[in-house]
Amino acid sequence: MHEDGTLHSIDGLRRLEANAARRLGDDRALMRRAGLAAWHAVLAHWPDARRIVVACGPGNNGGDGHELAMHALACGRDVSVVGLPATSPAGGTAAEAVRRYTEAGGRSQVFDGRLPHADLVVDALFGIGLHRAPEGDAARLIEAINSHGAPVLALDVPSGVDAGTGTVPGIAVQASHTLEFMRRKAGLWTGAALNHRGTASLDTLELETTDFDGVEAVAMRWTVDALAHALPARRRDSHKGQHGRVLCIGGDHGHGGAIVMVAEAALRVGAGLVEVATRPAHVAPLLARRPEAMARGCDVLGGVTLEGSLAACDVVAIGPGLSQSEWAREAVPWVSRAGKPLVLDADALNLLAESAWPVVPSDTILTPHPGEAARLLGVTTPDIQRDRLASARQLAERHGCTVVLKGAGTVVASPGRRPVVIAAGNPGMAVGGMGDVLTGTIAALRAQGLDAFEAACTGALLHAAAGDRAVLEGGARGLLPTDLSPWLRRLANPDFPDPR
Ligand SMILES: NC(=O)C1=CN([C@@H]2O[C@H](COP(=O)(O)OP(=O)(O)OC[C@H]3O[C@@H](n4cnc5c(N)ncnc54)[C@H](OP(=O)(O)O)[C@@H]3O)[C@@H](O)[C@H]2O)[C@@H](O)CC1
Ligand SMILES: [K+]
């Protein structure tokens with residue numbers, strides 16, 4: 001079976017392992033495949049590595065390391081296996097791999113505080129079996145791997161990362177590349193794990209469909225390729241009214257730019273009409289920058305002015321630069337009563353957290369960053385980050401709607417839908433205003449007919465992928481949210497010939 005975009009929990013992977021071992025009638029077969037796949041990864045990425053250090057732990061991840069070491073030895077490489085002191089000898093399947101390596105003439109040594117010189121370090125310390133923060137010798141060995149200077153290939157999981165949740169409870173290996181086995185692990189695609197994983201690839205170890213009996217994926221992983229199928233086609237005879245009308249509400253005194261970025265992104269992602277309700281002082285600068293937007297200056301966010309705009313629009317994007325002042329609060333009952341699909345961001349979420357909004361309809365999209373998510377759930381930001389997938393799911397259940405939990409490895413969750421993790425984006429996007437662009441992007445897709453969950457997933461992916469393209473033009477530092485505009489347009493038209 002080929003890669004299928006699924007992400008799995010540790011429990012699911014254990015079940016998968018057991019099913020496959022039962023079918024193969026041999027506990028050792030998968031580990032042998034893992035070792036061979038790892039050796040092929042070395043040949044693909046570092047074909048000239050002559051001296052290879054393999055740091056092996058006491059469990060089956062260490063078994064994978066010994067299998068790899070055996071192949072490297074057979075191909076004439078200079079191999080050193082380095083193990084942890086004071087751990088009991090490997091048992092079961094791993095013991096068999098240790099035996100094979102030793103019988104092939106392989107050398108092993110106990111870690112004494114230093115690692116031998118090498119062109120490549122392989123991290124086979126801990127995989128999905130990590131169950132506490134590494135301490136003592138394990139922590140020192142990880143430190144030595146990280147300061148070694150050679151590239152690091154992590155087998156299955158960078159040691160020290162919790163592959164189920166993506167948290168890093170202590171020190172963890174800083175991998176150049178991680179080779180995952182069987183199926184992708186949910187925890188390697190979101191949160192702190194992204195600091196440790198490096199690039200990543202998967203070897204499925206030739207699993208078969210029957211191995212998945214009773215195994216449910218916990219999430220789907222969306223990469224930029226998904227954009228080719230996610231965006232709606234346009235009819236040749238369509239007109240602007242068929243591409244949706246977005247009403248953007250926000251931009252209180254001192255925050256006028258936020259709502260401009262929402263409007264600009266909505267236009268660049270193809271909304272037919274974009275209207276902005278903001279403070280009167282912000283109308284002229286907005287129109288000077290973006291004459292395509294329709295801007296309405298409101299000293300009162302309610303009454304006839306807002307009622308007309310609300311009646312005409314297909315989607316309301318509210319929150320960026322909104323503040324929590326009386327001006328902002330005034331909008332809430334009007335917007336709620338209008339019954340339009342909503343995208344709530346920034347201060348609209350803060351108002352939701354303090355129950356200023358009534359219950360939001362199920363087709364609402366919330367786009368919190370971890371701090372806003374923490375306020376909505378009444379917990380701390382580290383609580384949210386400890387298990388981002390679970391936090392997004394919990395928030396979606398709590399409010400009965402779609403949630404886009406922003407941050408490294410954005411997670412989209414909705415009741416009754418399998419969550420999606422966005423495998424795109426970069427640290428250059430951690431800058432004020434980037435979330436406003438996301439709000440406009442999602443609102444435009446919603447206005448063009450995607451349902452709430454599809455608009456949220458596609459919008460988050462489009463936004464992250466645009467950030468990845470924009471960063472290639474000048475690096476992560478100094479990337480501005482408006483730099484995404486040309487790329488949003490470009491990626492929102494996947495059928496348009498790529499100029500590169
Ligand atoms: N089974 C199969 O068919 C296949 C398995 N595969 C491979 O096996 C991996 C899973 O193997 P696994 O279950 O043996 O767990 P693993 O990650 O080696 O770690 C457990 C060991 O580490 C120890 N330990 C844990 N935390 C620690 C800490 N903080 N500090 C210190 N020690 C710590 C723990 O010791 P304990 O504390 O329990 O005494 C135990 O000895 C998987 O990721 C993949 O690479 C593939 O080959 C495919 C086929
Ligand atoms: K590892």
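Predicted model: local features only at pLDDT ≥ 70, side-chain atom pairs only at ≥ 80, totals over all residues.

**Exercise 1. The overall form**

Determine whether the radius of gyration of the protein agrees with that of a compact globule, and describe the fold in numbers.

Solution. 
Step 1. For 500 residues, a compact globule would have a radius of gyration near 23 Å.
Step 2. The value for the protein is 26 Å, which agrees with that expectation.
Step 3. Along the principal axes, the C-alpha atoms fill a box of roughly 85 × 45 × 45 Å.
Step 4. The protein contains 17 helices and 19 strands, and buried residues make up 54% of its 500 residues.
Step 5. Consider the contacts with a separation of 6 or more: 73% of them are accounted for by residues 24 or more positions apart.

**Exercise 2. The shell around ligand 1**

Which helices each supply at least two residues of the shell around ligand 1, and which gives the most?

Solution. 
Step 1. Ligand 1 is surrounded by 27 residues, and the closest are Gly 59, Asn 60, Asn 61, Gly 127 and Gly 129.
Step 2. At least two residues of the shell come from each of α1 (10-24), α2 (29-45) and α3 (60-74).
Step 3. The most is given by α3, with 4 residues.
Step 4. By type, the shell comprises 14 nonpolar, 9 polar and 4 charged residues.

**Exercise 3. The annotated positions**

Solution. 
Step 1. The unreviewed UniProt entry places the feature "binding site" at Asn 61, Asp 123 and Ser 159.
Step 2. These residues span 99 residues in sequence, yet no two of their C-alpha atoms are more than 9.5 Å apart, so they gather at one spot.
Step 3. Asn 61 has its place in helix α3. With 26 other C-beta atoms within 10 Å, Asn 61 is buried, because the cut-off is 20 or more.
Step 4. Beyond four places in sequence, the residues that Asn 61 touches include Ala 124, Gly 127 and Asp 156.
Step 5. Ser 159 lies in the loop between β6 (152-155) and β7 (177-181). Ser 159 also counts as buried, with 27 C-beta neighbours inside 10 Å.
Step 6. Leaving aside neighbours within four places in sequence, the contacts of Ser 159 include Asp 123, Phe 126 and Ala 172.

**Exercise 4. A residue in the loop**

Is Ala 172 buried or exposed?

Solution. 
Step 1. Ala 172 lies in the loop between β6 and β7.
Step 2. There are 30 other C-beta atoms within 10 Å of Ala 172, so this residue is buried.
Step 3. Not counting residues up to four places away in sequence, Ala 172 touches Ile 142, Pro 158, Ser 159, Gly 160, Val 161 and His 196.
Step 4. Ala 172 and Arg 197 are 25 residues apart along the chain, and their C-alpha atoms are separated by 9.8 Å.

Methods
Residues numbered from 1 in each chain as written. Chains lettered and ligands numbered in written order. Near = placed C-beta within 6 Å. Nonpolar A, V, L, I, M, F, W, Y, C, P; charged D, E, K, R; others polar. UniProt positions renumbered as here; feature names shortened; annotations may be inferred. Buried ≥ 20, exposed ≤ 12 C-beta atoms within 10 Å, placed from the backbone. Contact = placed C-beta atoms within 7 Å. Rg over C-alpha atoms; globule rule 2.2 N^0.38 Å.
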